[in-house]
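This briefing covers a sheet, a helix lying across it, and a pair of packed helices. Please read it alongside the sequence and the model.

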Amino acid sequence: MIMQKKADRPASIPALIHMLRARHHCGLGLSALVLTLLFIGLLAGANFEAVPRVYVAGQVAETDIIADRDILIEDVQATKARRKQVQLLQPPVYDLSLEPFTAFQNRIVEILRSLNNGIDYHAGHDGPVHRLVEELTPAVADEILPELAQPEAQTYLLKVLLPQIRDHMSEGLVGDIRSARVERSGVIVRNLDTSTEMLRPDVANLPDVQSYLAEISAQIRQVATLNPQSRRAINILLSATMPSSLTLNRESTQKRSNAVMSMVEPVYYQIQKGEIVLRKGERVSREQQIKLQTLYKSASDPMRWDIAAGAFLCSLVLSIGFFVAPSGKPGTPLRCKDMLLISLLLLLFSIGAKAVYVLGMRNDSLMFLNTLAVGYPVAGAVGLVAMVFAARRYCTMALLLSFFTMLMFQAPFSLFLLHFLGGMLATWLVTNAQSRQDVVWSIVPLTIGQSIIWFGATLLAHSAPGVMPMQLLAVLVNSVLSLILLFAVSPVLEISFGYSTRFRLMELMSLEQPLMQELMVTVPGTYHHSLVVANMVEAGAKAIGANSLLCKVAALYHDVGKLSYPEYFIENQFGGPNKHDKLAPSMSALILLSHVKKGTELAERYKLGQDIADIISQHHGTRLIRYFYQKALNQGEKPRESDFSYLGPRPQTKEAAILMLADSVEASSRTLSDPTPARIKTHIDTIIKGIFSEGQLDESELTFKDLHFLSENFQRILTGIFHQRIAYPDARIDAAKAEGKTNSKNGNGTAAASAHGATVLTPSGQGKTCGEKSCAEKLGNDKSVSGATRPDASATDKTGAEQLPSEKSAGAPANMPADMPHDMPADMPTAEQSSAIKSLPGGMASAKPGAVSAVVLHPEGKGQA
């Protein structure tokens, strides 16, 4: 069992680049592609639009001004209002500290100590009592200070009120509750002693100094040990000296407000593409002036660098599809002319799209511009590429063309979908066309398909119903232009770049081609072999998704090199003498090896195309002509394998590999003595495994799954070719015998020889030549020859006679080795054939080689020719 070789996948990006450089020999083509993508990116970002005139508020517009793109404009007033609202919702920051209480407590103690020491506060000395007198009026001071000097008042003040005040201030005591209640979202209390913050959302429950003094006054009135004068003195003292423990931190509050406001997104209103910003004769408002200024700013930039950079980078990523298959392996090698063609098509269609867009903008109609975008014939360009490249590459080309067209027309994503899907439909129609007439009639399904795609894209874009009739007409124009593009440019590709387009390949299949005529007349055996191989490769290519048309045409011409020395190839010898018997093995191998080189030269002379010439040079790879190599060994020589091996190269594409397999399978299948379906299958698997084990398929893209499908299709074709037929019953055999006896008694044997030179054996053993008419009459009466003797009745000639083994099979003799290619000399007749020839009566064995002869069974059992 042959195991499938693992694909060598690159482990890193540098390894991938190295593998691509080794695989693809693009030369300057790769540089041309990169420069083309860069230029197209700059073209997409270039601004060729007319700059709109800017009107100031109060002026009258002279023309209509229409927005050429979607633009977002900041509403400054709405943004300020939203930020102001957010600022109001930001809670203020209050600092909580007990330092004010400590200072308040020390001052009360100092005042009471001074009073106890009998300080004369009228003397005007500086001290706590004097400062209190300054804060109070002298009359009030004379009233309360004596009362504060009383022991009962001082005891209650120091022992009861100060601890109680401390507890309240530690929870937070604001100076003016009115300033705090302005903030509806609460306040943030930041404790400076513990470095913690707490949000107090309910400002109404936040105590202030005035309300707390009222509570203390009510509490003092309940104390019985104090007289009314002492109570009043304590209230006046606390009102003049009690501070607040919560202070507003304005700096921190402002900083937090600014941070929150900076996080508020600006308020924008959108101007949609095609929207009329200002009508002719309308007086410009302030809002319209802002819109016009924004349009002017965006339109005055000569280059949109963001669009240019984005287009270039995205196109580079998409272009990887030209080089790498989805499996990660490098694809079919790209030549320099391939890259130049890709670059040229991308450049021309991108410039064309930009030119159509600029011209459409002169009309000042967005509907007309969208119609031009729909009618741009991207499908024709993609179909043109599909005539040259395989599926993966024309899909990549469709992506790039649709992407650039969308950028040039500044259209939404729906236009990309329209052109890409339309291009895929065009490629399907082109690749399935068998003639130019099929391509012409493909305009009908192309128009219908693109109409359906356009309708879906229109629904996605939410287009107005009024634009649908005009755009539907543009779809029809798109299909017509695409068809014209296919027919107009395909000859240019064939002549300028030397490509074999589908049109050219279909022309090469014609039997009227000069090289095909020469192949049919000069080497009919090779021509028949090529026909069978063409059927095999076409079925196999369709099964694995390869280019079946290229495979078929290449199969028809793959052995044209045998025209130089046709008699040295077994299928063209027709049982004649083998010229290789008189040649040395090395000379025989040299003649066989030359047919590949001669075939390539004929392909170039008759302008078959580079693709077919490459397949001709690769269809034998570097295989060894084992028959003559072994013959040289048997003769005692010491041959080198390189002298008996084809120059190659090995198959580089799926198509070349399929042809190699089919060519070897068909040629070697001629050696099967009993070609039953089981033997055919075993034989095909053996040949394919042998070629695979030799490494001939290593450079192609065939997978093990592909080989399985090829084997199945080859078996189906060969089984149909080697089909068996039943023997038909002969109802007139008795009449034929009676007529034969009559002719025998008359002594004149059988009728004269025909135009084909048929010889009839008489009972006496002498051969007589019969004429065409008499021989036909003779053979027409003997159904045993045309029916019972030959399984394939349809293969008989006009006389109904059975051909000799050398004529019936223009292939290898039955004793040919199974692994031997068909490009080998004719071997000697088999033992059975030799004995049959020797047993013939006199004169038969010396018949001229290649003469068409017939064998007639005599009624008495003797053979007649």
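Arginine 190 has glutamate 197 in β5 as its bridge partner. The model is predicted, so local features need pLDDT of at least 70 and side-chain atom pairs count only at pLDDT 80 or more, while totals for chains, interfaces and linings use all residues. Residues are numbered from 1 along each chain as its sequence is written, and side-chain values use heavy atoms, leaving out hydrogens and water.

**Sheet**
- Strand β4 (residues 187–191) runs antiparallel to β5, and five bridges join the two; strands (E, at least two residues) and helices (H or I, at least four) are DSSP runs numbered from the N terminus.
- Four strands form an open sheet in the order β5-β4-β3-β6, with mixed pairing; pairing requires at least two DSSP bridges between two strands.
- β5 (196–200) and β6 (246–248) are the edge strands, each with a single partner strand, so one side of each has no neighbour in the sheet.
- From one strand to the next, the twist averages 30 degrees.

**Helix across the sheet**
- Helix α11 (residues 250–262) lies across β3 (93–96), β4, β5 and β6, at about 145 degrees to β3.
- Angles run from 0 to 180 degrees between N-to-C directions, and axes are lines fitted to C-alpha atoms, for helices over the stretch in contact.

**Helix pair**
- Helices α26 (residues 585–605) and α27 (residues 610–618) pack at about 175 degrees, with their axes 8 Å apart.
- That makes α26 roughly antiparallel to α27 (an angle over 145 degrees).
- Val596, Gly599, Thr600 and Ala603 in α26 meet Ala613, Ile616 and Ser617 in α27, contact meaning heavy atoms within 4.5 Å.

How values were computed:
Parallel < 35°, antiparallel > 145°, perpendicular 65-115°, else oblique.
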